[in-house]
Structure formats: structure tokens, C-alpha cells
Amino acid sequence: MTLDLPDLDAMAALGRAVSAVLRPGDVIALSGALGAGKTTLARAILNGAGYAGEVPSPTFTIMELYEPPAVDFTVIHSDFYRLADAGELEELGLSSLRENAALIAEWPERVGGFGHEPGCLSIELLLKNGGRTAIVTRGTDWEGRKL
Ligand SMILES: Nc1ncnc2c1ncn2[C@@H]1O[C@H](COP(=O)(O)OP(=O)(O)O)[C@@H](O)[C@H]1O
Ligand SMILES: [Mg+2]
């Protein structure tokens with residue numbers, strides 16, 4: 001599925017739509033070049049999930065955790081740009097952090113990607129006429145969820 005995202009309002013609307021159907025165990029894999037809008041969309045998803053505070057880019061921290069009661073369930077916002085391979089996820093303890101949490105991952109391909117997981121929603125952001133286009137690919141767990 002391809003979505004037109006001409007401006008920031010469109011990003012906010014997609015973020016709300018994703019957050020409305022997001023479940024623990026899901027991964028939102030956000031790919032696209034530097035400046036494509038990955039962090040913008042991650043913020044929109046967190047805001048849609050009810051998080052009203054600031055959402056810093058996890059470029060340097062690699063992971064930021066958002067936990068109840070600020071959100072209904074834990075959401076991990078990560079940026080894997082600085083990681084070399086999937087082995088480094090173990091050092092971060094990601095698999096135990098992911099229990100009962102949703103993961104929003106910028107630069108998923110740096111750590112081998114998540115497309116093999118049924119709970120993965122892949123969103124590739126591309127620049128288009130000053131706005132963005134999204135190519136959305138659903139894991140089987142996402143079939144039937146409205147976006
Ligand atoms: N759909 C859009 N239309 C226009 N500008 C956008 C859109 N989405 C994001 N931007 C802008 O693009 C810039 C880079 O976004 P950012 O989310 O930091 O990118 P990334 O995390 O992919 O590097 C920001 O200034 C943001 O406001
Ligand atoms: Mg970013």
C-alpha cells in the first residue's frame with residue numbers, strides 16, 4: 001500500500017491511525033534516508049498513543065522508553081543507525097524489553113530488519129514534491145487492522 005503524506009498534518013494523521021491499532025509485540029519499522037521523516041512519524045505515533053511530553057530523537061541514546069501510565073503499554077522508540085549488526089541488540093537487552101511492549105524502530109535494516117515478524121508494520125518514507133510518500137508493508141498480524 002502506498003500513502004501520500006504531503007505535510008506534517010498527514011504525518012500526524014498516520015501516527016494516530018497506527019497508534020489506534022497498535023498492540024504490544026508489534027514492531028513499526030521505519031526506513032528511509034536521513035531527513036525522510038522517521039522520527040516525525042515515531043513522534044506522531046507516540047502522541048497518538050496519548051504521550052503528551054517531548055519525544056527526543058534516540059539518535060544518540062539508541063532507545064527511549066515510554067511507559068504507563070503515560071501510555072497504555074510500553075512503547076520503545078529506537079534508532080539503530082549507530083549499531084553494526086543484530087548482535088548488538090542482545091547487549092541492549094532488547095528481547096526482554098520487548099515483552100509486553102511495542103517497538104518503533106528507525107533504521108531497522110542496520111540490525112537485520114524485522115520484516116519476518118508477523119507483528120511488523122514496515123513503513124518506508126520517500127521524499128516527494130516537498131512532502132513524503134510511504135510504502136507500507138503489513139505482517140500477517142496486521143491483516144484487517146485499519147490504517
Ligand atoms: N510529510 C512531511 N512533509 C513535509 N516535511 C516533513 C514531512 N515529514 C517530516 N518532515 C520534515 O522532515 C524533517 C526531517 O524529519 P525527521 O523526522 O527528523 O527525519 P528522519 O528521522 O527520517 O531523519 C523535519 O524537519 C520534518 O518536519
Ligand atoms: Mg530520525
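I started with Trp107, which I found in the loop between strand 5 and strand 6, where helices (H or I, at least four residues) and strands (E, at least two) are DSSP runs numbered from the N terminus. This is a predicted model, in which local features need pLDDT of at least 70 and side-chain atom pairs count only at pLDDT 80 or more, while totals for chains, interfaces and linings use all residues. Residues are numbered from 1 along each chain as its sequence is written, chains are lettered from A and ligands numbered from 1 in the order in which they are written, and side-chain values use heavy atoms, with hydrogens and water left out.

I noted that Trp107 has a positive phi of about 55 degrees although it is not a glycine. Is Trp107 buried or exposed? I read a relative accessible area of 13%, so Trp107 is buried (buried means under 20% relative accessible area, exposed over 50%, partly exposed in between, with a 1.4 Å probe and protein chains only).

I then turned to Asn129, in the loop between strand 6 and strand 7 (131–138), where phi is near 50 degrees, again a positive value in a residue other than glycine. Asn129 has 78% relative accessibility and therefore counts as exposed. I kept in mind that most residues other than glycine have a negative phi, and most peptide bonds are trans.

On peptide bonds, I found a cis one joining Pro68 and Pro69, with omega about 10 degrees; Pro69 lies in the loop between strand 3 and strand 4.

Next I traced the sheet. In what order do the seven strands lie? They form an open sheet in the order 1-7-6-2-5-4-3, and the pairing is mixed (two strands pair if DSSP finds at least two bridges between them). Strand 1 (2–5) and strand 3 (63–66) stand at the edges with a single partner strand each, so one side of each is left without a neighbour in the sheet. Neighbouring strands are turned by 20 degrees against each other on average, direction ignored. I looked at one pair, strand 2 (residues 27–31) and strand 5 (residues 101–106), which run parallel and are joined by four bridges; Leu30 has Glu106 in strand 5 as its bridge partner.

I followed helix 1 onto the sheet, where it touches strand 1, strand 2 and strand 6 (120–128), its direction making about 135 degrees with that of strand 1 (contact means heavy atoms within 4.5 Å; axes are lines fitted to C-alpha atoms, for helices over the stretch in contact, and angles run from 0 to 180 degrees between N-to-C directions). Helix 2 also packs on the sheet, touching strand 2, strand 3, strand 4 (74–79), strand 5 and strand 6, and its direction makes about 160 degrees with that of strand 5.

I checked how the helices meet each other: helix 1 (residues 8–21) and helix 2 (residues 38–48) pack at an angle of about 50 degrees, with their axes 7 Å apart. That makes helix 1 oblique to helix 2 (angles under 35 degrees count as roughly parallel, over 145 as roughly antiparallel, 65 to 115 as roughly perpendicular and the rest as oblique).

Finally I looked within helix 2, where the buried residues include Leu41, Ala44 and Ile45, and their cover includes helix 1 and strand 5. Thr39, in helix 2, counts as buried at 15% relative accessibility. Not counting residues up to four places away in sequence, Thr39 touches Ser57, His77 and Glu106.
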